[in-house]
Amino acid sequence: MLAESKIYEDMDVDHSHTQVYIDNLDTKDHQQLLFNLKQVRNLVIGSNRNKTSMMACGIVQKLLQVLTSVDTPADILVECAVIMGSLAQGTDSNRTELMEEGVMAIMMQGLADSHQRFMEACLRFLRTMFVSPNAPTEIIFEDVSVVPRMIQILPKSGCTQECVAKVLASCCKTPDQQKLLLKNGAIPALAPLLKSDINKIRLPALQCFAAMSHQNKLVCSAIASARCCDESLPVLLSELLCRSLPSDVQLTAAKCLCSLSRAKSISATDPIIVTKTLPCLVRMCKRDCPIKDRVAGAETLAMLVEEDVNLQKTASMTDHLIPTIASYLNIKDRKGYPSESVEELKQAAFMVFAAISANDEEIRKKIIETEPLMDDMEQCMSDENYKVRLAAVRCLHSLSRSVQQLRTSFQDHGVWRPLMKILQTEQSEDLMVAASSTICNLLLEFSPSKSNIVESGAVMMFCKLTGSDNMYLRLNGIWGLMNMAFQSEQKIKNTILTSLGTEQLFKLLTDDNVDILMKTLGLLRNLLSSKGDIDIIMDSHNKQIMTAVVMILEGNHPPEVKEQTLCILANIADGNNAKDFIMSNEDILKKLTYYMRHENVKLQVAAVYCINNLVWKEEEGADQRQRKLKEFSVYKQLQSLLSSADPDLFDKVKTALQQFTQ
């Protein structure tokens, strides 16, 4: 919001005298009214006290009377609009009163006025109102005529260019609003403004493009294909990354190009991204840049590289980025930094480290070896600032994908403790998702932290997560249980089954999310992974497990779900006594023969693998099982599968046939 001049600061008036100035506006003489309005304008410009005093005495209502009167001369309308604009530059309560009095609607009507000075005064008022915090930005979309009118008046003057672009940039926040601006021709209207040498015109246009393109593939595609002055818009945006231009122009242009890259409207391998956008953002992270630019540069860089492995590698090797970002966390002289700036730097640093380490082991190693990163991260997971906590945990999640670091740095620093504390005490679902995702990695069988986490009550905690309304928490809950069950002791497996309960198990097996269903089946498979465990678990839970298997095999599920279910059956068939639960269930036997004939080879392989475990001749009762399976034509079907061209299926069929006693 532009600051008003303080030239009239010494003209503050007492509240008791304010009414006189307002009463003077009742004159019918236009010349006198104009003079009196100018007096009011001179009093309110630059003085919040006078603004508040005037508004308390009814100046807004009086100005509205003048503005809505028939045949009011244009110069008087202009003066009223200018005063309204000055009042809008006052306090938050001043702006709230202006909105409550309905001034916004009158000023939006003024955009259609043929007198340009009045139209521009109305536009400046709206600009001031909409860029202020907590402005009701959605109201410009409620009247369908307002946005087209703004696009129409945009090229009329430098004032209209600046103000329209600023208003649209401030108000464009939702996908529907982005599409509305696109539909009304905002892209071709704003594009020429990018060629302006006047920053207060060029920057709002850039900001509007950034707002329109944010997470919107349709708009990004339109921007990528647009042209202006025989140049494509992406090229025009890349020209604004030049280091000779103001940093806010460079950063906003980079943000636009980042959105285009994320939307795949411009390739991540395009030189505009690799050799211009990325280096510009890395440059903005340097110590000699202002803090706000370092933060914005780092956050935009994180978004740019987050989904592309090659960009992550390029960024990590560009201009000493890792030590540069590490310096964000190691500010020795904090006296020169506002506390909020320190927090913003921390958050931005963790965002960059999380993004560039998402896929590459070598990058993770470099980051973790940057001292004292692990200490800083562990400390920041308990930071008072929520955004810092969230960024630190997300960074830890990226780093936790490293097998080597799970065995070394993560164990040395005991990061599982603050993560478990977050799950126990945190209310934010986003933070709980990030923390539980990281713990899932720490629960992998090669992680030294696994036993500590299990002993600290993880089974009950993750069972509780499976009942969450949040899909990602449900997924992480069952994922964690699956990892805990892998090659674990019988005691832990029983605890998982008992704590989860039959009802919750069936809820998870009927979840709409395929990933949750797959992880639930993975849990069952891990629970039934060794002969001793299989028999013990099936003795106690055979009805629930067999019912679940039938339900999945009969359901409308993707092949990978059916394959996992058949693998569970194969595990059950590997038990000493558990085999009987399959052999005594004719429905299951019929399903095995059905999937042996299935068109999907993977399902055939899984079904034959189960048959293999049932007919293994060295195990007790094999002859009886073979005879019964022959009654279900299993032997004949195996013979017919010998013609399969799939080597894996052929090998398993051949092995199964060799087990049968002729």
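The structure is a predicted model, in which local features need pLDDT of at least 70 and side-chain atom pairs count only at pLDDT 80 or more, whereas totals for chains, interfaces and linings use all residues. Residues are numbered from 1 along each chain as its sequence is written, and side-chain values use heavy atoms, with hydrogens and water left out.

Confidence was examined through pLDDT, the predictor's confidence in each residue on a scale from 0 to 100. The protein has a mean pLDDT of 91, and 96% of its residues reach 70 or more. Over residues 5-11 pLDDT stays under 50, and for this stretch the model has 10 contacts beyond four places in sequence (contact means heavy atoms within 4.5 Å).

A pair of aromatic rings is described by the distance of the centres and the angle of the planes. Rings of Phe, Tyr and Trp (its six-membered ring) were paired if their centres lie within 6.5 Å, with planes under 30 degrees apart counted as stacked, over 60 as edge-to-face and the rest as tilted. Two aromatic pairs were found in a search of the whole structure. In one of them, the ring centres of Tyr-594 and Tyr-595 are 4.8 Å apart and the planes stand at 80°, so the arrangement is edge-to-face. Tyr-594 is partly exposed, at 42% relative accessibility, while Tyr-595 is buried, with a relative accessible area of 2%. Tyr-635 and Phe-660 also form an edge-to-face pair, at 5.0 Å centre to centre and with 65° between the planes. Tyr-635 belongs to helix α41 (residues 634-640) and Phe-660 to the segment after α42 (647-659), so this pair ties together parts that are 25 residues apart in sequence (helices, H or I of at least four residues, and strands, E of at least two, are DSSP runs numbered from the N terminus). Tyr-635 is buried, with a relative accessible area of 15%.

Charged side chains over aromatic rings were identified by requiring NZ of Lys or CZ of Arg to be within 6 Å of the ring centre and within 35 degrees of the ring normal. Lys-630 lies over the face of Tyr-635, 5.2 Å from the ring centre. The charged end of Lys-519 sits over the ring of Trp-479, at 4.3 Å from its centre.

The largest nonpolar core comprises 238 residues, and those with the most contacts inside it are Met-84, Phe-462, Leu-569, Ile-582 and Leu-592 (such a core is a set of buried Ala, Val, Leu, Ile, Met, Phe, Trp, Tyr and Cys residues joined through side-chain atoms within 4.5 Å). Helix α35 (residues 531-554) gives the most to this core, with 10 residues. When residues up to four places away in sequence are not counted, Leu-592 touches Leu-566, Leu-569, Ile-582, Ala-607, Cys-610, Ile-611 and Leu-614.

A disulfide is a covalent bond between the sulfur atoms of two cysteines, assigned here to a pair of cysteine sulfur atoms within 2.5 Å. By this rule, the count comes to zero disulfides. For Cys-163, the nearest cysteine sulfur is that of Cys-159, 4.1 Å away; Cys-163 is buried, with a relative accessible area of 1%. For Cys-567, the nearest cysteine sulfur is that of Cys-610, at 9.4 Å, and Cys-567 is buried at 10% relative accessibility.

Ala-205 is found in helix α13 (residues 199-213) and is buried, at 0% relative accessibility. Leaving aside neighbours within four places in sequence, Ala-205 is in contact with Ala-165, Leu-190, Leu-193 and Leu-194. The C-alpha atoms of Ala-205 and Leu-168, 37 residues apart along the chain, are separated by 8.9 Å. Asn-441, in helix α28 (residues 429-442), is buried at 17% relative accessibility. With neighbours within four places in sequence left aside, the contacts of Asn-441 are His-397, Ser-400, Arg-401, Leu-406 and Ser-447.

Backbone geometry was also considered. Glu-371 and Pro-372 are joined by a cis peptide bond, with omega about -10°; Pro-372 is placed in the loop between α22 (361-368) and α23 (373-380). Asp-71, a residue other than glycine, has a positive phi near 65°. Asp-71 lies in the loop between α4 (59-68) and α5 (74-88) and is exposed, at 69% relative accessibility. Cys-229 likewise has a positive phi, of about 55°, although it is not a glycine. Cys-229 is placed in the loop between β1 (227-228) and β2 (231-232) and counts as exposed at 54% relative accessibility.

Notes: Buried < 20%, exposed > 50% of the residue type's maximum accessible area, 1.4 Å probe, protein only.
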